[in-house]
Amino acid sequence: DAGHGGKDGGAQGPRGTLEKDVVLAVARRLARQLNREPGMRGILVRADDRFLNLRQRAEIAHRARADLFVSLHADAYADGEASGSSVYILSESGASSEAARCLADRENAGEVGGVDLSAQDAVLASVLVDLSKNANIEASERAAGQVLGALQQEFRLHNPGVQKAGFAVLKSLDLPS
């Protein structure tokens, strides 16, 4: 997922470079590298300069039956001194409130993580949501640790450990992000 796009340029560099352009170029290169790996296929959420809201980005990943969702950003800091890479996963508190929201959103469809919950009582549905959330947080942590380790070998890190935050784009119950 190349962050931003279209009307949303994201951060702007000192010479006017837009975040949306930088992350699209990185996403294209990453997809090409993934596609060279046996058994892997990189899917671009956006392949050109278009705006997609956060829900559309997650829907594209779900339709592609993705095993992992990676959102790329090239943020800027006001002090100009910060630099380097960071890796984020969803925080527990963010996931908990999102789980409740997702369960409510899917009530009519009766589905969470591809499992039909319409015939289940609310307690069982809640337990299934929690299990899915916890499994995805664990998978996200493992993947993020591997990404951070690889970044650390070639690039400067802004944060030495995996960071956690409630970014909406990471809030999927059935897809490590």
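**Reading a predicted model: surface, charge and backbone**

Tutor: Let us begin with Leu68, which counts as partly exposed at 40% relative accessibility. Please keep in mind that the model is predicted.

Student: Where in the chain does Leu68 lie?

Tutor: Leu68 belongs to the loop that runs between α2 and β1. On the surface, Leu68 forms a nonpolar patch with Leu30 and Val70, and together the three have about 210 Å² of accessible area.

Student: How many salt bridges does the count come to?

Tutor: The count comes to 3 salt bridges. In one of them, Arg57 pairs with Asp1, and the closest N and O atoms are 2.4 Å apart. That pair links distant parts of the chain, since Arg57 is in helix α2 and Asp1 is in the segment before α1, 56 residues apart.

Student: Are Arg57 and Asp1 buried or exposed?

Tutor: Arg57 is buried, with a relative accessible area of 3%, and Asp1 is buried as well, at 10%.

Student: Which residue meets Lys20 in a salt bridge?

Tutor: The partner of Lys20 is Asp49, at 3.0 Å from N to O. This pair also links distant parts of the chain: Asp49 is in the loop between α1 and α2, Lys20 is in helix α1, and 29 residues separate them. Lys20 is buried at 10% relative accessible area, whereas Asp49 is partly exposed at 43%. A further salt bridge joins the side chains of Asp48 and Arg50, at 2.6 Å from N to O. Asp48 is partly exposed at 30%, and Arg50 is partly exposed at 43%.

Student: Which residues gather in a patch of positive charge on the surface?

Tutor: The patch consists of Arg28, Arg29, Arg32 and Arg36. Arg29 is placed in helix α1 and is exposed, with a relative accessible area of 54%.

Student: Which residues have a positive phi although they are not glycines?

Tutor: His4 has a positive phi of about 65°, and Arg65 has one of about 55°. Their surroundings may be read in turn. His4 is found in the segment before α1 and is buried at 17% relative accessible area. Arg65 lies in the loop between α2 and β1 and is exposed at 71%.

Student: What does Gly42 touch, leaving aside residues up to four places away in sequence?

Tutor: Gly42 touches Ala31, Leu34 and Asn35. Gly42 itself lies in the loop between α1 and α2 and is buried, with a relative accessible area of 15%. From C-alpha to C-alpha, Gly42 and Ala66 are 9.0 Å apart in space, while 24 residues apart in sequence.

Definitions and conventions:
Residues are numbered from 1 along each chain as its sequence is written. This is a predicted model: local features need pLDDT of at least 70, side-chain atom pairs count only at pLDDT 80 or more; totals for chains, interfaces and linings use all residues. Side-chain values use heavy atoms; hydrogens and water are left out. Helices (H or I, at least four residues) and strands (E, at least two) are DSSP runs, numbered from the N terminus. Buried means under 20% relative accessible area, exposed over 50%, partly exposed in between (1.4 Å probe, protein chains only). Patches are made of residues with over 30% relative accessible area and no salt bridge: like charges are joined within 9 Å, nonpolar side chains (Val, Leu, Ile, Met, Phe, Trp, Tyr) within 5 Å. Accessible areas come from the Shrake-Rupley method with a 1.4 Å probe; for residues, only the protein chains shown count as cover. A salt bridge is a side-chain nitrogen of Lys or Arg within 4 Å of a carboxyl oxygen of Asp or Glu. Lys and Arg count as positive and Asp and Glu as negative; His and the chain ends are not counted. The place of a charge is taken as NZ of Lys, CZ of Arg, CG of Asp or CD of Glu. Contact means heavy atoms within 4.5 Å.
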